[in-house]
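Here is a short briefing on one protein model. Please keep the structure open while you read.

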Amino acid sequence: MSSVRIQFPRANDVQSRPLKDDPCVRVSAFLPENGDLMETTYNDVKTLYNGFQRGLKLAKDLACLGTRQFNRLYKYETYSQIQERIDNFGSGLINRGHLAGQRTFIGIASKNCPEWVIVEQACNAYSQVLVPLYDTLGPEAIEHIITQANTEVVVLSADRFADRLKSVSHTKKPKLIVKIGKVSVVDKKLAAEYKVDIVSMGVLEEEGKKCFVQHVPPKPDDLATVCYTSGTTGKPKGAMLTHRNIIADCAAATSIMEGQSMITTEDYHLSYLPMAHMYERIIQVAMFMNGGKICFFQGDIKLLTDDILACRPTIFISVPRLLNRLYDKTMSLVNSNHIKKLLFNFALKRKKIALDNGIISRNTIWDSLLFKRFQDALGGRVRIAITGAAPLSPDVLTFLRCALGCIVLEGYGQTECTAGATMTLPGESQSGHVGPPLPCNIVKVVDVPDMEYYAKNGEGEVCFKGPNVFKGYLHDEFKTKEAIDSDGWLHSGDIGKWLDNGCLKIIDRKKHIVKLSNGEYIAPEKIENCYARHPAIMQAFVHANSLYPFPVAILVADPDTFEGWAGKKGIKGSIEESSKNKSLINTIVKELDSDAKLYGLNSFERIKYIYITTDVFTVENELLTPTFKLRRIQVTKKYKHEIDELLATQRSSAASK
């Protein structure tokens with residue numbers, strides 16, 4: 001397929017158009033009228049292997065990957081040096097009998113580091129399949145992944161090595177464990193105990209260096225990775241993504257950054273978001289394709305600010321959880337002084353007016369007086385910022401666009417469509433939507449009668465179709481058919497609304513599954529079932545907001561047991577009095593957290609802020625359905641004040657850390 005070059009008009013123009021044969025389906029307004037969906041930016045880049053090779057030609061002896069230790073300056077390896085390590089690692093595996101081709105699945109559990117890239121690019125060079133292992137999924141999930149994907153090689157980083165090795169070895173055992181770092185005597189004993197072979201990555205690279213194996217490049221429709229999603233209930237699902245999927249999504253996302261905003265060999269990206277997620281990996285694909293530089297954070301999120309200042313990224317991607325914290329800290333300083341607050345709000349208003357007129361800058365008097373400190377906190381040279389993985393509140397997005405004085409984009413999508421399906425355009429000044437469809441896919445909304453959303457009104461479940469849509473779930477035809485209908489449409493489960501400017505606004509969820517600000521999905525009912533088993537609790541209502549990293553809960557005290565349980569904790573009095581006792585509330589939170597661990601809840605599913613009520617949810621007070629299910633909307637309305645206070649406490653607590 002020929003490459004597509006797109007010239008985008010200003011963001012306030014109509015940004016998508018309906019298809020002639022189906023007005024419910026919309027496509028990017030900036031694709032040719034009868035043109036194909038976008039699959040590549042460059043004619044010679046149709047696979048991830050092609051993408052890295054292009055970057056190698058552009059930046060052969062320029063910096064590629066950088067690391068730092070003990071707060072020192074970044075030390076870089078060049079594209080040529082990284083390519084040599086890729087060759088050596090891949091050759092080392094093949095010489096040990098792990099053949100090139102689609103039958104070889106290679107797992108990796110590691111913090112972000114150059115070795116992660118080397119393993120992935122070696123898979124690309126020899127047509128093997130990469131299977132990331134994400135720690136927050138838990139040991140049982142990792143066992144399931146390794147068994148289902150039949151991963152014959154697993155690469156583990158030195159941090160938490162013993163725990164990871166134990167998890168891996170309780171499965172259908174891999175043929176080889178590769179450790180990033182030296183293999184100690186203790187490591188060898190553990191490997192012998194678990195009956196698995198082990199080798200250090202350094203030794204494997206030395207072996208490959210002695211006997212190079214020619215590359216076996218993949219085809220566009222070959223499987224590149226199986227990316228497991230955390231899901232909400234049951235075992236994680238392995239989304240199968242091809243080279244075509246990833247290149248199409250990356251090409252479409254970067255196509256909106258043509259001209260002055262295009263990625264070049266002079267760009268820097270700080271890698272700190274998990275590489276097991278496609279969001280981070282898509283950005284890296286774009287950097288490699290254009291010869292850009294990637295710096296890796298030290299692995300400790302507490303040191304991230306220092307890493308940012310050392311890297312000084314020009315391309316900065318983030319998630320709402322971090323951006324909210326930056327915003328809250330800034331506003332806390334602003335609100336501490338009345339004069340400062342007035343001046344800040346006036347400056348923000350002036351910059352918003354300029355943004356509405358298509359002017360993006362950071363050389364105004366307002367920048368030098370008020371916003372430079374914020375810009376410097378991100379290194380002082382960010383020219384493109386991207387937020388995704390969860391919704392960002394309009395006030396924070398507007399603040400970022402004004403304060404940073406650079407292009408700030410917001411994307412929307414999911415793993416099953418590789419990463420992004422829509423994205424706001426450069427120069428966009430309006431917030432509250434996630435932009436038009438990317439040029440690699442078409443988007444439609446379909447009726448959800450039970451929720452009174454209808455496509456004829458421009459509302460309904462959001463569905464995608466295009467070359468970025470995944471092949472399906474590994475060895476799970478049933479789940480695949482649940483996700484992709486017979487006409488090839490991927491159903492997101494999100495409820496969207498088309499705006500007059502052709503942009504998509506996410507307004508609801510089809511199923512009650514919520515994506516937190518850290519990008520994780522939770523099922524409130526699952527958590528409620530666990531917490532309602534506490535001896536002092538009769539009923540539980542869990543509320544999750546996509547702008548916050550953790551859920552909160554309204555708990556109904558059990559009238560038969562609460563006072564007795566509280567008495568054992570040394571607190572006497574009526575239920576009404578005891579339920580407001582801060583010490584007692586803290587005790588319940590701790591006990592619920594212990595219970596949550598026993599029930600296998602992930603850290604992001606555990607409740608930290610609760611409100612205890614004595615008012616039972618009943619059919620009569622319309623908080624339960626006749627079949628005794630929670631009326632979630634009614635409970636949320638009734639306890640809106642309490643929920644807002646819990647969320648505000650959560651945000652203020654996060655900002656103070």
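At 52% relative accessibility, E622 counts as exposed (buried is under 20% relative accessible area, exposed over 50%, partly exposed in between, with a 1.4 Å probe and protein chains only). The model is predicted: local features need pLDDT of at least 70, side-chain atom pairs count only at pLDDT 80 or more, and totals for chains, interfaces and linings use all residues. Residues are numbered from 1 along each chain as its sequence is written, and side-chain values use heavy atoms, with hydrogens and water left out.

**Positive phi**

- Most residues other than glycine have a negative phi.
- E622 has a positive phi, near 65°, and is a residue other than glycine.
- E622 sits in the loop between β27 (610-613) and α20 (632-638). Helices (H or I, at least four residues) and strands (E, at least two) are DSSP runs, numbered from the N terminus.
- N150 is not a glycine either, yet its phi is positive, about 50°.
- The loop between α4 (139-149) and β7 (153-157) holds N150.
- N150 is partly exposed, at a relative accessible area of 43%.

**Helix α12 against helix α13**

- Helix α12 covers residues 338-356 and helix α13 residues 365-377; their axes come within 10 Å and cross at roughly 130°. Axes are lines fitted to C-alpha atoms, for helices over the stretch in contact, and angles run from 0 to 180 degrees between N-to-C directions.
- α12 and α13 are therefore oblique to each other (under 35 degrees is roughly parallel, over 145 roughly antiparallel, 65 to 115 roughly perpendicular, the rest oblique).
- The crossing of α12 past α13 is left-handed; that is, the near helix is turned anticlockwise from the far one by less than a right angle.
- On the α12 side, the contact is made by L343, F344, F346, A347, L348, R350 and K351; on the α13 side, by W366, D367, L370 and F371. Contact means heavy atoms within 4.5 Å.
- By class, this contact of α12 with α13 has eight nonpolar, no polar and three charged residues. Ala, Val, Leu, Ile, Met, Phe, Trp, Tyr, Cys and Pro count as nonpolar, Asp, Glu, Lys and Arg as charged, and the others, Gly among them, as polar.

**Aromatic pairs**

- The structure holds 15 aromatic pairs. Rings of Phe, Tyr and Trp (its six-membered ring) pair if their centres lie within 6.5 Å; planes under 30 degrees apart count as stacked, over 60 as edge-to-face and the rest as tilted.
- Y412 and F464 form a tilted pair, 6.0 Å centre to centre with 55° between the planes.
- Y412 lies in strand β16 (residues 407-412) and F464 in strand β19 (residues 459-465), so the pair ties together parts that are 52 residues apart in sequence.
- Both Y412 and F464 are buried.
- Y611 and Y639 also form a tilted pair, at 6.4 Å centre to centre and 50° between the planes.
- Y611 is in strand β27 and Y639 in the loop between α20 and α21 (640-655), so this pair ties together parts 28 residues apart in sequence.
- Y611 is partly exposed, with 24% relative accessible area, whereas Y639 is buried, with 4%.
- Ring pairs link Y327, F344, F371, F374 and F399 into a cluster.

**E120**

- Helix α3 (residues 114-125) contains E120.
- E120 counts as buried, at 9% relative accessibility.
- Neighbours within four places in sequence aside, E120 is in contact with L130 and R281.
- E120 and K172 are 52 residues apart along the chain, and their C-alpha atoms are separated by 22 Å.
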